[in-house]
Amino acid sequence: MDGLQITRTQTPKQKPQGPLGFGKHFTDHMLIIDYTEGRGWHDARIVPYGPLSLDPATTSLHYGQLIFEGLKAYRAGDKLVMFRPHENMKRMNVSADRLCIPPVDEDFFVKAIAELVKVDADWVPSEPGTSLYIRPFIISTDVFLGVHPSHTYKFITILSPVGSYYEGGLSPVKIYVESKYARSVEGGTGYTKCAGNYAASLKAQAEANQQGYAQVLWLDGVSRQYVDEVGAMNILFVIDGKVVTPDLSSGTILPGITRKSVLELLRSWNIPVEERKVPIQEIADAYDNGTLQEVFGCGTAAVISPVGELKWGDKVMKINDGKIGALSQKLYDTITGIQTGVLPDPYGWVYEIK
Ligand code: PLP
Ligand code: COI
(Lines give C-alpha, C1' and ligand atoms only; values in the text may rest on other atoms or scores of the structure.)
(Ligands and ions follow the chains in the order given, each with its own letter.)
Protein backbone atom coordinates (compact mmCIF):
# COMPACT_ATOMS: atom_id res chain seq x y z
CA MET A 1 0.00 0.00 0.00
CA ASP A 2 1.35 3.43 -0.96
CA GLY A 3 2.37 5.61 1.95
CA LEU A 4 2.65 2.77 4.49
CA GLN A 5 5.98 1.37 5.75
CA ILE A 6 6.10 -2.11 7.22
CA THR A 7 8.76 -3.32 9.66
CA ARG A 8 8.23 -6.93 10.70
CA THR A 9 9.11 -8.27 14.13
CA GLN A 10 12.21 -10.46 14.47
CA THR A 11 10.76 -12.09 17.60
CA PRO A 12 7.19 -13.31 16.97
CA LYS A 13 5.26 -14.15 20.15
CA GLN A 14 3.70 -17.47 21.13
CA LYS A 15 0.00 -17.57 20.23
CA PRO A 16 -2.31 -17.98 23.22
CA GLN A 17 -3.54 -21.49 24.07
CA GLY A 18 -6.99 -22.21 25.50
CA PRO A 19 -9.90 -19.80 25.98
CA LEU A 20 -9.03 -16.30 24.76
CA GLY A 21 -11.20 -14.17 27.03
CA PHE A 22 -11.41 -10.54 25.95
CA GLY A 23 -8.59 -8.04 25.48
CA LYS A 24 -5.85 -10.06 27.17
CA HIS A 25 -3.60 -11.01 24.26
CA PHE A 26 -2.00 -8.74 21.67
CA THR A 27 -0.52 -9.55 18.30
CA ASP A 28 2.98 -8.99 16.94
CA HIS A 29 2.46 -5.62 15.24
CA MET A 30 0.78 -2.26 15.60
CA LEU A 31 -0.03 0.61 13.26
CA ILE A 32 1.11 4.15 14.05
CA ILE A 33 0.32 7.35 12.12
CA ASP A 34 1.57 10.72 13.37
CA TYR A 35 -0.13 14.10 13.10
CA THR A 36 1.62 17.44 13.12
CA GLU A 37 -0.24 20.70 12.68
CA GLY A 38 0.55 22.16 9.27
CA ARG A 39 1.63 18.78 7.94
CA GLY A 40 -1.41 16.63 8.56
CA TRP A 41 -1.27 12.88 9.19
CA HIS A 42 2.07 11.43 8.14
CA ASP A 43 4.54 8.58 8.55
CA ALA A 44 2.04 5.72 8.50
CA ARG A 45 3.90 2.62 9.63
CA ILE A 46 3.38 -0.91 10.86
CA VAL A 47 5.97 -1.77 13.49
CA PRO A 48 6.56 -4.52 16.06
CA TYR A 49 4.08 -4.28 18.97
CA GLY A 50 5.70 -2.68 22.00
CA PRO A 51 5.57 0.01 24.67
CA LEU A 52 5.20 3.67 23.79
CA SER A 53 7.66 6.17 25.16
CA LEU A 54 5.83 9.32 26.29
CA ASP A 55 7.05 12.42 28.10
CA PRO A 56 5.28 12.60 31.50
CA ALA A 57 3.90 16.02 30.49
CA THR A 58 2.12 14.59 27.43
CA THR A 59 -1.30 16.29 27.39
CA SER A 60 -3.42 13.16 26.84
CA LEU A 61 -2.15 11.81 30.18
CA HIS A 62 -3.51 14.87 31.99
CA TYR A 63 -6.59 16.08 30.16
CA GLY A 64 -7.73 12.96 28.36
CA GLN A 65 -7.71 14.16 24.78
CA LEU A 66 -8.07 10.53 23.79
CA ILE A 67 -10.60 8.79 21.57
CA PHE A 68 -10.90 5.20 20.43
CA GLU A 69 -12.84 2.78 18.28
CA GLY A 70 -13.60 -0.92 18.36
CA LEU A 71 -14.25 -3.23 15.43
CA LYS A 72 -13.51 -6.82 14.54
CA ALA A 73 -11.92 -8.96 11.83
CA TYR A 74 -13.21 -12.47 11.17
CA ARG A 75 -12.33 -15.54 9.19
CA ALA A 76 -15.02 -16.05 6.58
CA GLY A 77 -14.06 -19.36 5.01
CA ASP A 78 -10.64 -18.72 3.51
CA LYS A 79 -11.16 -14.93 3.47
CA LEU A 80 -10.38 -12.34 6.09
CA VAL A 81 -13.04 -9.68 6.56
CA MET A 82 -13.88 -6.69 8.75
CA PHE A 83 -17.39 -5.58 9.68
CA ARG A 84 -18.40 -2.08 8.48
CA PRO A 85 -14.96 -0.51 9.12
CA HIS A 86 -15.82 2.75 7.35
CA GLU A 87 -18.58 3.29 9.93
CA ASN A 88 -15.95 3.15 12.66
CA MET A 89 -13.72 5.70 10.98
CA LYS A 90 -16.74 7.92 10.37
CA ARG A 91 -17.63 7.73 14.06
CA MET A 92 -14.01 8.34 15.00
CA ASN A 93 -14.23 11.60 13.10
CA VAL A 94 -17.37 12.57 15.03
CA SER A 95 -15.51 11.87 18.29
CA ALA A 96 -12.47 13.73 16.94
CA ASP A 97 -14.54 16.82 16.18
CA ARG A 98 -16.00 16.92 19.72
CA LEU A 99 -12.55 16.47 21.33
CA CYS A 100 -10.81 19.03 19.05
CA ILE A 101 -8.74 16.30 17.39
CA PRO A 102 -8.05 16.66 13.64
CA PRO A 103 -10.08 14.37 11.36
CA VAL A 104 -8.64 11.27 9.71
CA ASP A 105 -8.91 10.27 6.06
CA GLU A 106 -11.48 7.49 6.52
CA ASP A 107 -10.57 5.46 3.48
CA PHE A 108 -6.79 5.61 3.96
CA PHE A 109 -7.10 4.66 7.64
CA VAL A 110 -9.39 1.70 6.86
CA LYS A 111 -6.87 0.48 4.29
CA ALA A 112 -3.98 0.90 6.73
CA ILE A 113 -5.87 -1.09 9.38
CA ALA A 114 -6.57 -3.79 6.78
CA GLU A 115 -2.82 -3.98 6.08
CA LEU A 116 -2.13 -4.42 9.79
CA VAL A 117 -4.64 -7.29 9.98
CA LYS A 118 -2.97 -8.82 6.93
CA VAL A 119 0.48 -8.65 8.56
CA ASP A 120 -0.93 -10.39 11.68
CA ALA A 121 -3.34 -12.62 9.71
CA ASP A 122 -2.30 -15.80 11.49
CA TRP A 123 -3.54 -14.24 14.76
CA VAL A 124 -7.16 -14.17 13.55
CA PRO A 125 -8.74 -17.03 15.49
CA SER A 126 -11.09 -19.48 13.83
CA GLU A 127 -13.06 -21.16 16.64
CA PRO A 128 -16.77 -20.31 16.73
CA GLY A 129 -17.44 -17.14 18.76
CA THR A 130 -13.90 -15.80 18.35
CA SER A 131 -12.54 -12.92 16.29
CA LEU A 132 -9.72 -10.41 16.11
CA TYR A 133 -10.70 -7.28 18.02
CA ILE A 134 -9.26 -4.14 16.43
CA ARG A 135 -8.64 -1.14 18.69
CA PRO A 136 -7.76 2.09 16.86
CA PHE A 137 -7.16 5.09 19.12
CA ILE A 138 -5.83 8.65 18.97
CA ILE A 139 -3.86 10.36 21.73
CA SER A 140 -2.72 13.96 21.91
CA THR A 141 1.06 14.16 22.22
CA ASP A 142 1.98 17.80 22.90
CA VAL A 143 4.25 18.14 25.93
CA PHE A 144 2.63 20.99 27.82
CA LEU A 145 0.66 21.53 31.02
CA GLY A 146 -1.87 24.10 29.80
CA VAL A 147 -5.40 23.13 28.84
CA HIS A 148 -5.78 23.57 25.10
CA PRO A 149 -6.04 21.33 22.05
CA SER A 150 -2.78 19.63 21.18
CA HIS A 151 -0.93 20.40 17.95
CA THR A 152 0.38 16.84 17.60
CA TYR A 153 -1.28 13.42 17.83
CA LYS A 154 -0.68 9.74 17.30
CA PHE A 155 -3.21 7.38 15.74
CA ILE A 156 -2.39 3.85 16.87
CA THR A 157 -4.08 0.53 16.21
CA ILE A 158 -3.53 -2.65 18.18
CA LEU A 159 -5.10 -6.08 17.66
CA SER A 160 -6.34 -8.63 20.17
CA PRO A 161 -7.64 -12.14 19.44
CA VAL A 162 -10.82 -12.45 21.53
CA GLY A 163 -13.63 -14.74 22.60
CA SER A 164 -16.78 -13.44 24.25
CA TYR A 165 -16.80 -10.17 26.20
CA TYR A 166 -18.90 -11.55 29.04
CA GLU A 167 -17.57 -14.64 30.78
CA GLY A 168 -20.86 -16.47 30.28
CA GLY A 169 -20.84 -16.02 26.48
CA LEU A 170 -24.44 -15.91 25.26
CA SER A 171 -25.92 -16.58 28.70
CA PRO A 172 -28.10 -13.67 29.81
CA VAL A 173 -26.34 -10.96 31.83
CA LYS A 174 -27.60 -9.20 34.95
CA ILE A 175 -27.79 -5.42 34.61
CA TYR A 176 -28.12 -2.81 37.36
CA VAL A 177 -30.19 0.27 36.48
CA GLU A 178 -28.10 3.20 37.71
CA SER A 179 -30.04 5.92 39.55
CA LYS A 180 -27.22 7.60 41.51
CA TYR A 181 -24.35 8.29 39.10
CA ALA A 182 -24.66 9.93 35.68
CA ARG A 183 -22.65 9.07 32.59
CA SER A 184 -23.61 11.81 30.21
CA VAL A 185 -25.81 14.85 29.70
CA GLU A 186 -27.04 16.75 26.66
CA GLY A 187 -24.20 18.91 25.38
CA GLY A 188 -21.62 16.53 26.82
CA THR A 189 -19.55 13.81 25.19
CA GLY A 190 -21.91 10.83 25.52
CA TYR A 191 -22.17 10.32 21.76
CA THR A 192 -18.40 10.05 21.38
CA LYS A 193 -16.05 7.21 22.14
CA CYS A 194 -13.72 9.22 24.37
CA ALA A 195 -11.75 7.71 27.22
CA GLY A 196 -13.30 10.10 29.76
CA ASN A 197 -16.75 8.56 29.30
CA TYR A 198 -15.41 5.22 30.40
CA ALA A 199 -13.42 6.66 33.32
CA ALA A 200 -16.63 8.33 34.52
CA SER A 201 -18.47 5.00 34.39
CA LEU A 202 -16.09 2.93 36.51
CA LYS A 203 -17.40 3.76 39.96
CA ALA A 204 -20.98 2.81 39.12
CA GLN A 205 -19.78 -0.32 37.36
CA ALA A 206 -17.63 -1.34 40.36
CA GLU A 207 -20.56 -0.89 42.76
CA ALA A 208 -22.85 -2.87 40.45
CA ASN A 209 -20.22 -5.64 40.18
CA GLN A 210 -20.10 -5.85 43.99
CA GLN A 211 -23.81 -6.60 43.96
CA GLY A 212 -23.39 -9.32 41.33
CA TYR A 213 -24.39 -7.27 38.26
CA ALA A 214 -22.26 -7.36 35.11
CA GLN A 215 -22.84 -3.77 33.95
CA VAL A 216 -25.05 -0.77 34.60
CA LEU A 217 -27.87 0.59 32.49
CA TRP A 218 -27.46 4.36 32.44
CA LEU A 219 -30.46 6.64 32.72
CA ASP A 220 -30.47 10.22 31.44
CA GLY A 221 -28.16 12.40 33.49
CA VAL A 222 -30.80 15.01 34.45
CA SER A 223 -34.03 13.30 35.53
CA ARG A 224 -32.87 9.64 35.75
CA GLN A 225 -36.20 8.73 34.14
CA TYR A 226 -35.21 7.77 30.61
CA VAL A 227 -33.04 4.90 29.44
CA ASP A 228 -29.71 5.77 27.77
CA GLU A 229 -27.44 2.75 27.26
CA VAL A 230 -25.37 0.11 29.01
CA GLY A 231 -21.68 0.51 29.88
CA ALA A 232 -20.37 -1.12 26.71
CA MET A 233 -23.47 -1.66 24.59
CA ASN A 234 -26.72 -0.17 23.36
CA ILE A 235 -29.98 -1.57 24.73
CA LEU A 236 -33.19 -2.76 23.09
CA PHE A 237 -36.46 -3.97 24.59
CA VAL A 238 -39.02 -6.26 22.98
CA ILE A 239 -42.42 -5.15 24.26
CA ASP A 240 -45.53 -6.83 22.93
CA GLY A 241 -43.88 -7.73 19.61
CA LYS A 242 -42.34 -4.27 19.08
CA VAL A 243 -38.68 -3.39 19.47
CA VAL A 244 -38.17 -0.21 21.48
CA THR A 245 -34.80 1.54 21.88
CA PRO A 246 -33.61 5.02 22.88
CA ASP A 247 -33.17 7.34 19.90
CA LEU A 248 -29.91 9.19 19.30
CA SER A 249 -31.21 12.77 19.27
CA SER A 250 -30.15 13.67 22.82
CA GLY A 251 -26.50 13.07 21.95
CA THR A 252 -26.07 11.22 25.25
CA ILE A 253 -25.52 7.70 23.90
CA LEU A 254 -23.03 6.14 21.56
CA PRO A 255 -24.46 5.55 18.05
CA GLY A 256 -23.52 1.87 17.94
CA ILE A 257 -22.72 0.28 14.62
CA THR A 258 -24.19 -3.00 15.87
CA ARG A 259 -27.32 -1.06 16.93
CA LYS A 260 -27.58 0.44 13.46
CA SER A 261 -27.17 -3.03 11.88
CA VAL A 262 -29.75 -4.59 14.24
CA LEU A 263 -32.31 -1.88 13.40
CA GLU A 264 -31.69 -2.37 9.67
CA LEU A 265 -32.21 -6.12 10.03
CA LEU A 266 -35.39 -5.73 12.12
CA ARG A 267 -36.89 -3.32 9.59
CA SER A 268 -36.02 -5.71 6.75
CA TRP A 269 -37.93 -8.42 8.66
CA ASN A 270 -40.93 -6.09 9.06
CA ILE A 271 -40.65 -6.13 12.83
CA PRO A 272 -41.98 -2.84 14.24
CA VAL A 273 -39.18 -0.67 15.65
CA GLU A 274 -39.58 2.46 17.76
CA GLU A 275 -36.58 4.75 18.28
CA ARG A 276 -37.70 7.24 20.91
CA LYS A 277 -37.35 8.28 24.53
CA VAL A 278 -37.84 5.18 26.68
CA PRO A 279 -39.02 5.86 30.26
CA ILE A 280 -37.65 3.24 32.67
CA GLN A 281 -41.13 3.27 34.25
CA GLU A 282 -42.54 1.98 30.94
CA ILE A 283 -40.16 -0.99 31.13
CA ALA A 284 -41.22 -1.71 34.71
CA ASP A 285 -44.89 -1.45 33.71
CA ALA A 286 -44.36 -3.76 30.72
CA TYR A 287 -42.67 -6.20 33.08
CA ASP A 288 -45.59 -6.03 35.51
CA ASN A 289 -48.23 -6.55 32.83
CA GLY A 290 -46.32 -9.37 31.17
CA THR A 291 -45.54 -7.65 27.86
CA LEU A 292 -41.76 -7.29 28.37
CA GLN A 293 -40.66 -10.23 26.24
CA GLU A 294 -36.93 -9.72 25.72
CA VAL A 295 -34.19 -7.30 26.65
CA PHE A 296 -30.82 -7.38 24.92
CA GLY A 297 -27.72 -5.29 24.50
CA CYS A 298 -25.65 -5.02 21.36
CA GLY A 299 -22.15 -3.90 20.55
CA THR A 300 -18.97 -4.95 18.81
CA ALA A 301 -17.50 -6.59 21.91
CA ALA A 302 -20.84 -7.76 23.30
CA VAL A 303 -22.32 -8.84 19.89
CA ILE A 304 -25.92 -9.56 20.99
CA SER A 305 -26.10 -10.02 24.75
CA PRO A 306 -29.40 -11.11 26.25
CA VAL A 307 -30.27 -9.45 29.56
CA GLY A 308 -31.68 -11.94 32.07
CA GLU A 309 -32.26 -9.54 34.93
CA LEU A 310 -32.70 -5.80 35.44
CA LYS A 311 -32.61 -4.25 38.91
CA TRP A 312 -34.13 -0.77 39.27
CA GLY A 313 -34.25 0.44 42.88
CA ASP A 314 -35.86 -2.39 44.82
CA LYS A 315 -37.51 -3.84 41.74
CA VAL A 316 -35.92 -6.97 40.29
CA MET A 317 -37.15 -7.88 36.81
CA LYS A 318 -36.36 -11.41 35.65
CA ILE A 319 -36.69 -11.50 31.90
CA ASN A 320 -37.75 -14.46 29.78
CA ASP A 321 -36.97 -16.91 32.64
CA GLY A 322 -33.29 -16.00 32.36
CA LYS A 323 -33.07 -17.55 28.89
CA ILE A 324 -32.08 -15.99 25.57
CA GLY A 325 -35.16 -14.90 23.62
CA ALA A 326 -36.02 -16.03 20.10
CA LEU A 327 -35.42 -12.62 18.53
CA SER A 328 -32.10 -12.09 20.33
CA GLN A 329 -30.96 -15.51 19.12
CA LYS A 330 -32.06 -14.80 15.54
CA LEU A 331 -30.21 -11.46 15.54
CA TYR A 332 -27.09 -13.10 16.98
CA ASP A 333 -27.19 -15.88 14.38
CA THR A 334 -27.80 -13.46 11.52
CA ILE A 335 -25.15 -10.92 12.45
CA THR A 336 -22.45 -13.48 13.26
CA GLY A 337 -23.52 -15.45 10.15
CA ILE A 338 -22.96 -12.41 7.92
CA GLN A 339 -19.68 -11.60 9.68
CA THR A 340 -18.26 -15.08 9.19
CA GLY A 341 -19.52 -15.64 5.66
CA VAL A 342 -21.97 -18.38 6.67
CA LEU A 343 -24.84 -16.18 5.49
CA PRO A 344 -24.98 -13.91 2.44
CA ASP A 345 -24.27 -10.20 2.93
CA PRO A 346 -27.09 -8.39 1.11
CA TYR A 347 -26.20 -5.05 2.73
CA GLY A 348 -22.52 -4.90 1.77
CA TRP A 349 -21.49 -4.77 5.44
CA VAL A 350 -18.50 -7.04 5.04
CA TYR A 351 -15.16 -5.57 3.90
CA GLU A 352 -12.83 -8.15 2.46
CA ILE A 353 -9.15 -7.79 3.31
CA LYS A 354 -7.34 -8.64 0.10
N1 PLP B 1 -22.24 1.96 23.81
C2 PLP B 1 -21.03 2.02 24.40
C3 PLP B 1 -20.84 2.89 25.57
C4 PLP B 1 -19.97 1.26 23.85
O5 PLP B 1 -18.76 1.29 24.42
C6 PLP B 1 -20.20 0.46 22.72
C7 PLP B 1 -19.12 -0.32 22.14
O8 PLP B 1 -18.45 0.14 21.26
C9 PLP B 1 -21.49 0.46 22.15
C10 PLP B 1 -22.48 1.21 22.73
C11 PLP B 1 -21.79 -0.33 20.92
O12 PLP B 1 -21.23 0.26 19.77
P13 PLP B 1 -20.77 -0.62 18.52
O14 PLP B 1 -21.92 -1.45 18.16
O15 PLP B 1 -20.41 0.36 17.48
O16 PLP B 1 -19.63 -1.44 18.99
C1 COI C 1 -16.64 -2.27 21.86
O2 COI C 1 -17.67 -2.96 21.80
O3 COI C 1 -15.90 -2.11 20.91
C4 COI C 1 -16.26 -1.59 23.09
O5 COI C 1 -15.54 -0.66 23.00
C6 COI C 1 -16.74 -2.06 24.37
C7 COI C 1 -15.72 -2.03 25.47
C8 COI C 1 -14.59 -2.98 25.27
C9 COI C 1 -15.30 -0.66 25.86
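This is a predicted model: local features need pLDDT of at least 70, side-chain atom pairs count only at pLDDT 80 or more; totals for chains, interfaces and linings use all residues.
A search of the whole structure gives 13 aromatic pairs. One of them joins Phe-26 to Tyr-49: the ring centres are 5.7 Å apart and the planes meet at 10 degrees, so the pair is stacked. The cut-off behind this reading is an angle under 30 degrees. Phe-26 belongs to the loop between strand E1 (4-6) and strand E2 (29-36), whereas Tyr-49 belongs to the loop between strand E3 (40-48) and helix H1 (59-63). The pair therefore ties together parts that are 23 residues apart in sequence.

Tyr-35 is in strand E2 and Tyr-153 is in strand E8 (residues 152-162). The pair links distant parts of the chain, as 118 residues separate the two tyrosines. Both Tyr-35 and Tyr-153 are buried.

These two tyrosines also take part in a cluster held together by ring pairs. Its members are Tyr-35, Trp-41, Phe-108, Phe-109, Tyr-153 and Phe-155.

## Lysine charges over rings

The charged end of Lys-330 sits over the ring of Trp-269, at 4.1 Å from the ring centre. In a second case, Lys-174 places its charged end over the ring of Tyr-213, at 5.0 Å from the centre.

## The surroundings of ligand 1

Ligand 1 is surrounded by 17 residues. The closest are Arg-91, Tyr-198, Glu-229, Thr-258 and Thr-300.

For Glu-229, an N or O atom of the side chain is 2.5 Å from a nitrogen atom of ligand 1. Thr-258 has a polar side-chain atom 2.6 Å from an oxygen atom of the ligand, and a polar side-chain atom of Thr-300 also lies 2.6 Å from an oxygen atom of ligand 1. On its own, ligand 1 has 390 Å² of accessible area, of which the protein covers 97%.

Terms used
Residues are numbered from 1 along each chain as its sequence is written. Chains are lettered from A and ligands numbered from 1 in the order in which they are written. Side-chain values use heavy atoms; hydrogens and water are left out. Rings of Phe, Tyr and Trp (its six-membered ring) pair if their centres lie within 6.5 Å; planes under 30 degrees apart count as stacked, over 60 as edge-to-face and the rest as tilted. Helices (H or I, at least four residues) and strands (E, at least two) are DSSP runs, numbered from the N terminus. Buried means under 20% relative accessible area, exposed over 50%, partly exposed in between (1.4 Å probe, protein chains only). A charge sits over a ring if NZ of Lys or CZ of Arg is within 6 Å of the ring centre and within 35 degrees of the ring normal. A residue is near a molecule or strand if one of its heavy atoms lies within 4 Å of it. A polar contact is a pair of N or O atoms within 3.5 Å; within protein, one must be able to donate a hydrogen and the other to accept it, and residues adjacent in sequence count only if both atoms are side-chain atoms. Accessible areas come from the Shrake-Rupley method with a 1.4 Å probe; for residues, only the protein chains shown count as cover.
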